[in-house]
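Me: I have a structure to go through with you. Could you take a look and answer some questions?

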Amino acid sequence: MKSDIRKVRNIGISAHIDSGKTTLTERILFYTKRIHAMHDVKGKDGVGATMDSMELERERGITISSAATFCTWGDHEVNIIDTPGHVDFTIEVERALRVLDGAILVLCAVGGVQSQSITVDAQMKRYKVPCVAFVNKCDRSGANPPRVVEQLKTRLGHNALLMQLPIGLEADFQGIVDLISMKAVYFDGAGGELLRTEAVPESLLPEAISRREELIDSVSLFSDSLTEAILEGTEISEAMIMEAVRQGTLERKITPVFIGSAYKNKGIQPLLDAVTRYLPCPADIENSALDLSREEAPVQLTGNTEDPVVALAFKLEDGIYGQLTYIRVYQGILSRGATVVNARDGKKVRIGRLVRMHADQMEDIEAIHAGYIGALFGLECQSGDTFAAQGLNLAMTSMFVPEPVISLAIVPKDKKSMVNMSKALNRFTKEDPTFRTHLDPETSETIIEGMGELHLDIYVERIRREYNAEVTTGNPRVAYRETITQKAAFNYTHRKQTGGSGQYGRVAGYIEPLSDEDFLFENKITGGAIPTQFIPACEKGFRMSLAKGPKMEFPVTGVKVVIDDGAFHAVDSSDMAFQAAARGAFREAYNKAKPVILEPIMKVVVETPNEFQGAVMGLLNQRRGMIVGTQDEGQTCVIEAQTPLAEMFGFSTVIRSATQGKAQFTMEFSAYRQVPQSIAEKITEEVAKRKKSAA
Amino acid sequence: MIIDLRRRKERLLSEGMFQPDPVASRETWEQEISDRMEDGAFCAVLARAGMGKTAFLVQMALSQMLGHEDVLHVSLHEPIAKVTLWYEELFEKKFRQESLQNSRRIWDNLLPHRFIMTFRVDRFSIPRLEERLNDLLVQGIFRPRTLFLDGWQSNSINRTELHELKAFAKSHNLRVWLSVHIHRPDSEEGDSYPAFLKNSDDLFELIMQMEDSGLQIQMNPIKDVTGILHTWSMKMDPVTLLVSAEKVSGLC
């Protein structure tokens, strides 16, 4: 493996569905000689595109599996990472964007900037990923690259600069004019692999000259030498322009736009040149880790291969050889046979077989250097785990994993489906810490829990397709909680005499609300009113009561229990008796402590064109949303609101129809808040109904 | 045999055990200023950059919110997240003596009384603000009582726009607080009034200027048709950015 970090590019390819992302990736792999033949998506040869591994991706317009593949272009090494496109996969999005340094934003020359492009662009903005744009499908009827550039400016706010001009369009699309070299480039040969360079056609020359001037003028901001050359009227070299474009791209101040048709094998090689010229290498990006011994304080990583190793496992995949872990090394070298520590559990692990992935094939390697991406076998870990050299207590992502806020019952149709479903759940829970599963002891149903409606939806679909399990699901349920709002005393005696030795225990004290912890138990017994050996049993009894609140049977949080008195019997008192007494005491005090139901409140951020601002605020308001504010962003605006999760089911469909698909939103858990009385009554009814049907 | 070492009466819930909703009261000076302001009233706070104009406006806004009045905070230079942070930090400093649980409950009760709008400076105009406010009013989402306008560039304000804003405020029964950035040349000339105020101070009911006096930032009244500012000596602590006021002796 080479180790010149300046020659490495870790990029993502982001696009709206059907913009030709898969075809483009396929062509890139062909021209970089990673594959020897090209296959079309749904092509006649039945092979399908190499990267196109998941049907679901096409159907939903989102990427849910991060396949990473490696190729070389000239003396550069390029790792292409698939990027998840939906916000519900908070952790997965964060990881994928963390791993890549730059991106190609693929746009359709006919469709232009579409809703999915807006979503992926918003993610790249959020994670400050520099990008170049590729206007694909210039061979299609209605192709209009200048219009797409205009949309990039107006709809996405990019300072988009056309770097090429098309020679012909639609069925007549022949090649491109490179505005930097001022040459016409044609793509000959069966697969467009032979580049023919000629003079710019006369008909295009005036436009090419004026576009080139515009380009130089726009990028001169980023290069002193270019500005000087313009002012002094000296010769402007290609290298000067390229350097200025690169600088502007790295600063995310400009987006160079390239054009072509992946399907017709045109414009791909210049795009690869652009990736190596303008997108950042790992050394251009500052990466930081979190120091776990200093309350997750950020620590700058050097990127030096001489420093101790820090690496992030960003994706797990079940392959024919077992679990395959995709890993990016941020600092140091991860070598075969080395021992590193998993920051999550502090366990030492030995690095076994290291490979470099090319979609479904792989190549064995000895080590992965800082800035590179590879995969390894035989490593028991979870997605998002950080591996660091011994002595470093660093993590690449926060160890904080939010509690799931939504659950769903999932029932397999038959025994075979049950086995397959178990396999799937086992894998998914390993890959995604926000996805959990458990068995409901009352209904014996398998419950899956996650961070949003779509989050669970996608996993259910994957269970069906990838694991061939026929499953049915119940209605999504919000993870409500209960808590108390005031102090209440208890004095409860548990007494039972049914022949043989009886049970006796009395506990007295009070419960009160607690704001920053789930549960706190305090023993203020003096004088041995309850003997010390029974105190843990009391605590256990109270803890057990929290699992299912007496009011609505939701878990109880935020309760402090203080016991300050009690009584025991020399013969009849036991752990069991005091546990029962504590449970009774909790029930006794609970209703007096004015219990309330808490519901998860989500922070919802909607980005919408200005004309729909009122409509979107209305929608949020109807959903009991508290609008925090609105932010003017030029043609679009951002609306931030706090909305109960229970009201957000189906919101994506509603917002799509209300805004002609032009608005997009993100949703993340914010806090638990008390449910208003009227809603609490409704929840009570629902729970009663559910209990009745379960019985 | 039952051993009951400390026989006690059944515990009864005493009044002290109940925890009613925490009541956070407004400072007297804040209330007095706000009570004297009528619909359409204009108040301005003048200061050089970085002196604490936003902090002052946020405290006035918090005070209104504590009085259960809805406030619209319009910021022309900061995103929502930053404005929210101003509120959170000043609230925490102001209510640090409250228990964590109480202060959270007070905060939760305050939030529905605030709406933040941010605009890019170059895109802000009174008709645009009115359009946005109408979105809220028509759908019954929010009906503000006071508008806090922070970051309006004094060199881009003219009398026509102030008239527009006045008419807007009157038609929506709003009181308006403005932060006004004084540029160095304005104050070097010994004239603390920015150019636009010289021609338009008749539109303002209350104008105060923040001046650095070493350990404190003094809030000096420049114009006060209500007469209320002269009865208080107001200061801002430059460390906490909290404003405190003392009744001026001899006045009532």
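Me: What is the bridge partner of A:T630 in strand 4 of chain B?
Reply: In strand 4 of chain B, A:T630 has B:M117 as its bridge partner. Strands here are DSSP E runs of at least two residues and helices are H or I runs of at least four, numbered from the N terminus. Please note that this is a predicted model, in which local features need pLDDT of at least 70 and side-chain atom pairs count only at pLDDT 80 or more, while totals for chains, interfaces and linings use all residues. Residues are numbered from 1 along each chain as its sequence is written, and chains are lettered from A and ligands numbered from 1 in the order in which they are written.

Me: How many bridges join strand 36 of chain A to strand 4 of chain B?
Reply: Three bridges join them, and the two strands run parallel; pairing requires at least two DSSP bridges.

Me: And how many residues are in contact across the two chains?
Reply: Chain A has 33 residues in contact with 34 residues of chain B, contact meaning C-beta atoms, placed from the backbone, within 7 Å. On the side of chain A that touches chain B, strand 36 of chain A gives the largest share, seven residues.

Me: Changing topic, which residues touch the most other members of the largest nonpolar core?
Reply: Among its 112 residues, they are A:I104, A:V132, A:A133, A:V257 and A:I327. Such a core joins buried Ala, Val, Leu, Ile, Met, Phe, Trp, Tyr and Cys residues through C-beta atoms within 7 Å; buried means 20 or more other C-beta atoms within 10 Å of the residue's own.

Me: Where does this core lie, and why?
Reply: Domain 1 (5-284) and domain 2 (288-395) of chain A both contribute residues, so this core lies between them. The domain bounds come from an automatic or database assignment.

Terms used. Buried ≥ 20, exposed ≤ 12 C-beta atoms within 10 Å, placed from the backbone.
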